[in-house]
Amino acid sequence: MTYSDPILTVQAISKRFMGRGGCVDVGFDLWPGEVLGIVGESGSGKTTLLNCLSGRTTPDEGVVLYRGRDGEMADLHAMSEPRRRLLMRTDWGIVHQNPRDGLRFGVSAGANIGERLMAVGARHYGAIRGTAADWLGRVEIDGLRIDDRPSTFSGGMQQRLQIARNLVNGPRLVFMDEPTGGLDVSVQARLLDLLRRLVREMHLACVIVTHDLGVARLLAHRLMVMKEGRVIESGLTDQVLDDPHHPYTQLLVSSVLPA
Amino acid sequence: MPEGYNFAYLDEQTKRMIRRALLKAVAIPGYQVPFASREMPLPYGWGTGGIQVTASVIGPGDILKVIDQGSDDTTNAVSIRRFFSKTAGVATTERTIDATIIQTRHRIPEHPLHEGQILVYQVPIPEPLRWMEPRETETRKMHALADYGVMHVKLYEDIARFGCIATSYNYPVLVHHRYVMAPSPIPKFDNPKMDRMPALQLFGAGREKRIYAVPPYTSVKSLDFEDYPFEIQRWDQPCALCGAADTYLDEVITDDVGTRLYVCSDSDACQERQKGAA
């Protein structure tokens, strides 16, 4: 595999609900180490698209091709379910907007981080716990909280725990749905710093759905703007945000309140 | 035998249906087979699953033993034994070695079972993944794909909180290197007895409408961690009545000031031993 090969190729994805909503004819390539932002207002099909990409929803049309560690391209929606599940827990991560969707609230932080390790066969308690403690440190959570349940964590900590849980076994591709949604500004800033650092260190490919243009500018290398299920503009982040061409993008950019 | 009942209470069509489920269960060790559980003349949770399985496999020549928490003389055991002696007219026994069918709740007899015997378990919750995954559609998929990582999350959580695997009953097992199975609420003390047992083990969950089985001489392995291996319970003292040091003991409080007595939970094994000593 060379640097010029995309890790994810999306071709003409469509998913409609009773002929309405969803996303229509979306296609793009994503390269290793690249962060792609998807912006647009609520109801523009961002989350539907993300669900199609991450295998949680089957699109009506189009294909999602993923390049595995062996360099082979595989059709995500055509592969067998066991293989897709294995991919999900070895190569991919999904960070949900609501930590309740992405964490197990009934078990401790350590168990949350260790789950992926145990799912792929780790059976040494001490080793699992050591890795979990290490990852708590990397997402800036006090190691003493390892046996506490996520319900005792603040919103920002829950979000960071979710990130640790997803990155623990070195995935190559991470999907994030509004990772900073519902957090206050200073906590957002810390989380964004953390994400930027981890993406760089781990050379992650990343698809981030957000409606926050500030988040998009900080994290994303490239941007896709969606409206009514279609991609209306795409390009380098600075280009799209500083020189928007489509009237809707211009409206979106100009409606950001100056701080 | 009283008039008006079919042999062993259930009608023949129901028995056929249950036997078909049992055959499938034996063919796929540890796999939960759905069956059309019937209303039985006792409440859910008292052994409706076990009693249906027993009724479907019992014949006029069988000798039945029923135990509840290891004991032959508790209410549940006595009434189920009487139920079958009334409706099927079969002989009953309290001796483990004489029985051909043993219906049990919470224990496996201390005396090793032999070929030709059938052990019928009453199961309240057949799904070992239930506490980690509430969706039935998802747990079925997890079984189908042998996707069992969450079982270790539960054990991890035990060690993190208590310093050891504190699950002491209904301890999850891997059957025939394939299906994770709930062994019904037997103490983990009994788990090693299930491994390569010469007798046939049948499990019936009446309320949950599931039947599963472990055929004779099948591998049954308790889940554990490399650095926290599976262990069974141990006691500091032997049984106060028979002196056995290798059996599962019940703690009995004998007065108002907390005096404790440890006695075998398997009443038959305990009495045999006392007779042998006398």
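This report describes the sheets, helix contacts, salt bridges and chain interface of a predicted model.

Residues are numbered from 1 along each chain as its sequence is written, and chains are lettered from A, with ligands numbered from 1, in the order in which they are written. Local features need pLDDT of at least 70 and side-chain atom pairs count only at pLDDT 80 or more, whereas totals for chains, interfaces and linings use all residues, and side-chain values use heavy atoms, with hydrogens and water left out.

**Sheet of chain A**

Chain A holds an open sheet of six strands in the order S6-S7-S8-S3-S9-S10, with mixed pairing; helices (H or I, at least four residues) and strands (E, at least two) are DSSP runs numbered from the N terminus, and two strands pair if DSSP finds at least two bridges between them. Strand S6 (92-95) and strand S10 (230-236) of chain A stand at the edges with a single partner strand each, so one side of each has no neighbour in the sheet. Direction ignored, neighbouring strands of this sheet are turned by 15 degrees against each other on average. Helix H10 (residues 247-254) of chain A packs on the sheet and touches strand S3 (35-39), strand S9 (222-227) and S10 of chain A, its direction making about 105 degrees with that of S9(A); contact here means heavy atoms within 4.5 Å, while axes are lines fitted to C-alpha atoms, for helices over the stretch in contact, and angles run from 0 to 180 degrees between N-to-C directions.

S9(A) and S10(A) pair in the antiparallel sense over six bridges, and A:Met224 stands opposite A:Ser234 in S10(A). The hairpin of S9(A) and S10(A) has two residues between the strands, and in this hairpin A:Glu228 takes a positive phi near 50 degrees.

**Sheet of chain B**

Chain B has an open sheet of three strands, ordered S7-S6-S10, with antiparallel pairing. Its edge strands are S7 (179-181) and S10 (220-222) of chain B, each of which pairs on one side only, and neighbouring strands are turned by 35 degrees against each other on average, direction ignored. Strand S6 (residues 173-175) of chain B is joined to S7(B) by three bridges, the two running antiparallel, and B:Leu174 stands opposite B:Val180 in S7(B).

**Helix contacts in chain A**

Helix H6 (residues 155-167) of chain A packs against helix H4 (residues 109-119) of chain A, and the axes of H6(A) and helix H7 (residues 185-202) of chain A also come within 10 Å. The table sets out both pairs; residues are classed as nonpolar (Ala, Val, Leu, Ile, Met, Phe, Trp, Tyr, Cys and Pro), charged (Asp, Glu, Lys and Arg) or polar (the others, Gly among them).

| Helix pair | Axes | Angle | Residues of the contact |
|---|---|---|---|
| H4(A) and H6(A) | 7 Å apart | about 30 degrees | four nonpolar, two polar, three charged |
| H6(A) and H7(A) | within 10 Å | roughly 10 degrees | eight nonpolar, two polar, two charged |

Angles under 35 degrees count as roughly parallel, over 145 as roughly antiparallel, 65 to 115 as roughly perpendicular and the rest as oblique. H4(A) and H6(A) are therefore roughly parallel to each other, and H6(A) and H7(A) are likewise roughly parallel.

**Salt bridges and the interface**

The structure holds 40 salt bridges over all chains, a salt bridge being a side-chain nitrogen of Lys or Arg within 4 Å of a carboxyl oxygen of Asp or Glu. One of them joins A:Asp238 to A:Arg217, with the closest N and O atoms 3.8 Å apart; A:Asp238 lies in helix H9 (residues 237-242) and A:Arg217 in helix H8 (residues 213-219) of chain A, so the pair ties together parts that are 21 residues apart in sequence.

Between the chains, 22 residues of chain A are in contact with 20 residues of chain B. Chain A and chain B bury about 1,900 Å² between them, 57% of it on carbon and sulfur atoms, where buried area is the accessible area (1.4 Å probe) that two parts lose on being put together, summed over both. A:Arg85, A:Arg123 and A:Tyr125 supply 38% of the area that chain A buries against chain B, more than any other three residues. Four salt bridges are found across this interface, and the side chains of A:Arg85 and B:Asp147 meet in a salt bridge at 2.9 Å, N to O.
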